[in-house]
Structure formats: C-alpha cells, structure tokens
Amino acid sequence: MFLRKYFISHAIHRSRFLQKNCCSQICKNQVAQYKSYSILPYVNTTYVERRKLLSYSCLSNLSNTYRRYSNSLLNGDATQLKESQNDKELKRISQLFPQPRVTLNELNSKTPEKVFDIYYKQSVVAPKGVRKKMGLSNNDWTCTYTFVWPEKIKFESVAISKRQAAEKSATQALHWLYKNKRIDNKGNPIYDKKVIDDIKSNLNEPLRAEISENSLQRIDRIWEDYEKEIKDIYEKTFEEASRKLFTPLSITKDSTIDIEDNIPEESQDVEIDEFNHLSDTKTPVHPIFGRVVHSPSESQLAKRDRILKQKFEKYDEEITPLPIDQFTKEITSTLESSRVLVIVGAAGCGKSTRAPAAILRAVGCNTTAIVSEPRRVAAIGLAQRVADEMGEQVGESIGYQVRLHSKLPRPSSGIILYCTSGVLLRRLQLNPGLEGCSHVFIDEAHERDVNTDVTLLLLKRALEINPNLKVVIMSATLDIEVFTKYFDSCPIVEVPGRTFPVQVSYLNDIEEKYRIKLPMTLENCGKEDGKPQVNCQEVVNVIKSVDKSEQEGAILVFLPGWAEIKQVKKLLDQIYANSTHMVLPVHSRLSTTEQSRMFEKPAPGIRKIVLATNIAETSVTIPDVVYVVDTGTHKENRIKEGTGTASLETVWVSQAGAKQRTGRAGRVQPGHCFRLYTKEREESFASHSTPEILRIPLEQTVLNCKTYAPLEKVGTFLSLLPEPPTDRAIQLAVHDLIDLGALSKSEKLTRLGILVSNMTLHPRLGCSLLHSAVLGNVVATANVVSHCSNNVELFINAPDRREEIRAFKSTYNCKSDHCALHRIQQNYENVQEEGDLQIWTDRHGLRKDRLHYVQSVIAIQYDRTAP
C-alpha cells in the first residue's frame, strides 16, 4: 500500500514538474517571438518584453496554449510546436510577398519620406584561397532593416550570404508590418485614420470666386452634354490611361545589393529591364542609377575623395600620352566659369576617355558624370578603356548602361557612367533636371542623330532646372557653329589629332598609278542624279593593287552596307584562299566576338583587310591601319517623296566624313587614302551630314516628344531643336498618329498613345502588338515585331550559309520568313526549358546570345502590353 501511494505521488509530482517546465518553455518561445523583432538599441528590450508578456493578449495566448498542450506534453516538444507555427506564418508572408526586398523598396517609394535604412555586416572575412584549405564555412552576413515608420524598430537576420540575410530580414519586416496592419496585401502603406482626419481638418478653407450669369449658363449647358454623352465613356478610358501613365516607379531589381555573393566578378553583369514610362515618386530617380538614391554623408564623401586621390597618383604613369592631355587644365578651368563647353577634337585625340577622367580628377567625389554615346559598342568599350587606365574593373568608379545590359558604378559619388543616348533620354524623362548629376558629356555630337538633337533640347531645359549641372559637347568635326549658337556662344576648346601625314589619291590617280581601268566607278561619278552605286569587283581590283604594290600595313575599306561587305568578302576569299590575308567584316549583324577580331594584330607576313561601314569613321579605331580605300558612300535613312515612308538609301558622304575617313590612315605612321571618286565629284559633296531629324519620318519622334512635354504642341517643342524639321514633316507625322489613334485632334496622347509610347517599338508595330492582345495572338506577334524592330541576325556565318539557312527556315514555314522566325524563337524557348540548348544551337548554327537578346526584348513587350 505504501509503495502504491509512493508511485502515485511520484507520478503526480513528475507530471506537474513537466507541466511547469512546459509552461516555462512556452514563455521563452513567446519572448523569442517578440525578440525576432529586435527593438532599437536605446529601447529597454527586457522591459518591453515583460510588458508584452504581461499584456492581456499575451497572457490569453499563453493560457490557451497551456490548456491545449499541457495534457499531451509528456510525448512532445513545445519548442518544435511553436517554431512550426511561426514557420507557417512566415511561409504565408512569403507567399503573399514573393519578393520581400522589392516590396519594401516599393513601399519606400510610395511614402513621402524615407522609412527605413539597411545595414550589412560580415562577421568573418577570409581570403578566397584560405577558406578551402582551412575548411572554413561561408562567411556569415548580418542584414539589419531599421525603420522609422510606423515606429522605431529594427529587424535583423543572419545567413551565409548577403542576399539570403536580406531576404530573411525583409520577410520579418513585412510580417510585422502586415500583422500590425501597417501595409495591405499588396504592400501599400496603411496610415492612421486619426492622423489623416487631423490633416484634413487643418486644410485651408476653399477659395471663393465670382462668375457672371452668362458663364454659369454656358457651364450648365456643357455639363449637361458631358453627363448625357461623354461621362461614361470618358471615365472608363481615362481611369485606365491615367493609371498606366502615372504608375509609380516599379523596382524590379533589388536596389540595395549591387552584386551577387560567391560568384566571380566577370559574371556580375546585370540585365536590367527598361525603365517605366513615367514616375509619380516624390523624389526624382538618380540619373546614374535609375532609382532613388540618397545623398552620401560627409564622412563617405571624404573617404571617397581619399580613394580617388590614391588612384590618380599612379594614373599619369600608366596611361599613354594623348593630345588632349595638354588641354585638361584648360577644360576644367573653363567649366568653372561656364556651364556649357564644346570640345572639338580629331579622331584619336582622346576626348572620349580623357576628358571625363579629367573632370573626375579635378572635381573628385562631387563628380557624378554621364557620357552619352550613339552606339552601345562604343559605350561598353570606352567604359572598359577608362577603367583600365584607372587600374580598376568596370563597375567600380566607371560603369556603363546600354539596353538590357549594365554594369553600374558601385559608389554613389565620384563616378562616371557611359551609356547610349536612348538611356540618357529615359533618364531625362524620369528626372527632367538631372538632379544629382554634375556633368553630362554628349560624345560624337557631329553625327546629329535624332536622339542627340532631342537630348540637346532637353539638356538646355535641364540647365534651367538644375543650376549645378554642366554640359560638355564633344565633336570630331569643325561644324560647331550650330552648337555654340544653340548654347549662347559657349566657349570652345580645340584639340588637334594625333595623326601622321596622309597622301590622297583620287580615282584618276589610282587608274594611272596601278595601270588599272575602273570604268563603272568612273561612270558612277559622272551621274547627274547623284545616286552612287558601288561596283564590288572594281573595289576588289583596287584592294589587290594596293596589296601587291604597297608595303606592310592593314587596309581599311569603307563600304556603304552589309550587301557590299558580303560581296567584297566573297570575292576576296576566292583570291586569298591560302590564308595569307585576314579578311574581316565589321557590321552590327555580326557577333561582338567576330567584330572584335578587327583589333587583332596579324602574324608577320599576313595582311589584314577590314571591310567596314561608316562606324569606322569615328566610333571605332583600328590602330594598325595604314591604307584606306574609300568608296565615298554610306547608307542613310531618307523619306520617299510621295509616300512619306522611310528607306535606307546609298548616298555620297559629306566632305567632313571623307576627311574623317582619310585620317584613319595616319594613326601609326604616314599613310595613303585611295578615294574611289573624282575631285569634281568631291566638290559636290555637302560640307557636313544632314541631321537625321531632317531626313526621316517623325512618327516615333513626335510620340516621344509627347512624353517629354505632354502639354506642349508638337510643333512648338520641335521648333526649339538646333535645326528643327519642316512644318510639313511634323504635320505628316501628327496626322499619321491621329489616324493611328495615338493622338487626339488636339495633339493629346490618347490611351492607345500612352501604351504605344511606353513600348520600345515603332508606333505601327506597337499598335499591331496591342491589337494582337485583342485577337488572342500576343506570343506570335511579340516574336515577329521584336525581330523586325531589332533586325538581329540569328545565324553564325550567315553570308556563307544562305542556302542552308533558307532550307532551315523552310522547315518551320516555307512561305513566310516572319512565321519562321516566330517558330524558331518559340522552339528556342522550348529547348531552353529542356536543357539541351547548347547542342541545339550548335547543330543549326544559331547564335544563342542573339536569341537570348530577342527573348529579353520580347519579355519587355509583354510587360508593356499587360494591362
């Protein structure tokens, strides 16, 4: 009996002991749950936790938990139960907000002021090689989100990578905000109703005004007409259009982490989606980074200044002297007294690389410069060149951004960004004053493409908005009067080129010197209609004569387009089939790897022959060229009279362009330029190239102008250009857009116009894509219009595989190239999912990079089409 009582008593005592421990464990877990939201350092965390535990809701929670599990805890673990509940809540938050960092960044952009800061800390820093040898694990990263709204609180997480720590910390923050009803299920802020009511009660009294009786009657009549006929239609369409036009800036890429963790530097390229059309954010986006960036502190600026000074101490020793180096002090001193400067420098003087670096050196940490280039290959190449000269990698002080590809600089001050003119125009859309930018360089301004002219107009307005902005216009020709007049007689710095003497031979001299006949070329020079034609066989005859008679040195041949390059290469390959010559075409249809071969130095005894278009005039420099064969022609967009449509026509170059081509022969030693036209024909050339805006249809330009200045008449806006187009050309474009439905008769953007202007397509292609959404055929149309708008060559060595490519396309569609391209693109995406992509592209000779590029463009069009 005694033993029975002892065992019963012992069992009861043990049960109570376990229940007591369980209750204590639940309390600890409850405290741990609140500890996950770490309070700021100046708050007594112990006091807060006790108060929360003693609150009614907390005690109720403990009571319910105790009652539920006290009878069954002998066989379970309270810690695991509580953690599983917490995991379920965090999992639900992760499903609700799949991109937590993006959601928080969007929350920041939707609030009047900055609501949080982010801090990162790495607990262990081990050299790359040491970690493997010593068996160390990955470095631990700590990420802390510190909020000032809706109250001062911080959220901290630790993970093996920077990105994972940020994800966990952001998820905790969203969990707390959502649980406390400070954000809705879309991440929008929820404000305190009492605060909003208080603000409303303190608003100013409404203004009082008096109007006449006649005006009241007219208003009543207009209002009745509106209510009966217009209201329903207008409100539906305008609501959708306004929402699309004034959508706040969407942050699709996390802006708080610059690079991935634990990946090599060369793989840190970021593909960035195109910018949203317009932004309604209170703070303008930074012109360098394309997002909101807050100003660095004084200590950060001082540190950045010290770093830049250290880099420039060895700068002069590492670089090769160029002519512009003697003018850097003049450039920087002129910009101290003038906000606009024109630099005129011949090709090879170093203006594209050394002028921005000189500003960075002089201004230091206060430099945030943008250098606009007309071509993406130039923007990427120049950024790499400047970074190399500074002893850095691209993405440190120097960065670049082109369409779908970027390596932005890491610091927020003391930086230079090389970009295409289209990227700069987007920046001006989002930030008309380029606030946050110190200098803008417009390179190759002499080319006078549409983007450059519109950029000059917007920069002139930006100078009025932003008193701290300075503009530098760089041109390779002496046609600078148009720029100096446009910017109120701004100062000029002229830099001579670094060239050797070049002998010039015209057509008659060539025939006499090499004793060859060029009858078709001679006849071409005497045409009265002025339209040139290039005889490829006679061009090859001249190349053969130069190769046979002249000493070593590369030959650069200027041809108008791809068809002529392809034909000349075919003829030269037949002649030089014994590998004694390198025949290298240069064209945008070719891959970057194929084009970069023109910079290779050939082995001794091998002659390099480069076949190029006018891209080799100024944008690309081939250092070992000694001989230039100039056909005197290039391709230009022209308007066909009568139809008003654009066509790419072969025309004579300008005298300035011919001079640029000649100068390419004297880069390394005295050279020789062979001009395949007569002296008389050269005298008929225009002195400078006609600006592109004067010779192309203006539909795209007019639509873009309505996004830059939506309230202005198109004619008024374009009349402010350096050389405005004719009124007839503007009216043709406006009427075309009205017929298309993109503009109203009062020249306001319609809903259709807003959507089309948000696309990177010609208006007609954009409309066809939107109409395909109605017909339910978006995928095929997006594929076709993306290929049409970008004119991308998908095949490797396409000139030599015409029949093979034609047969391959016919397997997809035997009647339409457009349908074949759509199905090839579709097949590429299917194979990509299966994982056999490399085998498939190699088998059919397709360019994986080009297909991927088109795929990225198509994804952009999907986003633009989505409601």
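Predicted model: local features only at pLDDT ≥ 70, side-chain atom pairs only at ≥ 80, totals over all residues.
**A quick tour of the model**

Residues are numbered from 1 along each chain as its sequence is written, and side-chain values use heavy atoms, leaving out hydrogens and water.

- Ile 219 sits in helix 9 (residues 213-245); helices are DSSP runs of H or I with at least four residues, numbered from the N terminus.
- With a relative accessible area of 45%, Ile 219 is partly exposed (buried means under 20%, exposed over 50%, partly exposed in between).

**Nonpolar cores**
- The largest nonpolar core has 88 residues, and Val 702 and Trp 840 have the most contacts inside it. Such a core is a set of buried Ala, Val, Leu, Ile, Met, Phe, Trp, Tyr and Cys residues joined through side-chain atoms within 4.5 Å.
- Helix 16 (residues 450-465) gives this core its largest share, 8 residues.
- A second, separate core has 36 residues, including Val 546 and Leu 676.
- Leaving aside residues up to four places away in sequence, Val 702 touches Val 714, Leu 718, Ala 733, Val 734, Leu 737 and Leu 743 (contact means heavy atoms within 4.5 Å).

**Salt bridges**
- There are 23 salt bridges, each a side-chain nitrogen of Lys or Arg within 4 Å of a carboxyl oxygen of Asp or Glu.
- Arg 101 and Glu 167 meet in one of them (2.6 Å, N to O). Arg 101 is in helix 5 (residues 100-110) and Glu 167 in helix 7 (residues 162-179), so the pair ties together parts 66 residues apart in sequence.
- Arg 101 is buried at 6% relative accessibility, while Glu 167 is partly exposed at 27%.
- Arg 675 and Glu 682 also pair up (2.6 Å, N to O); Arg 675 is buried at 7%, and Glu 682 is buried at 12%.

**Cysteines**
- The structure holds 0 disulfides (pairs of cysteine sulfur atoms within 2.5 Å).
- Cys 490 counts as buried at 8% relative accessibility, and Cys 525 counts as buried at 8%.

Terms used
Buried < 20%, exposed > 50% of the residue type's maximum accessible area, 1.4 Å probe, protein only. Helix = DSSP H or I, 4+ residues; strand = E, 2+ residues; numbered from the N terminus.
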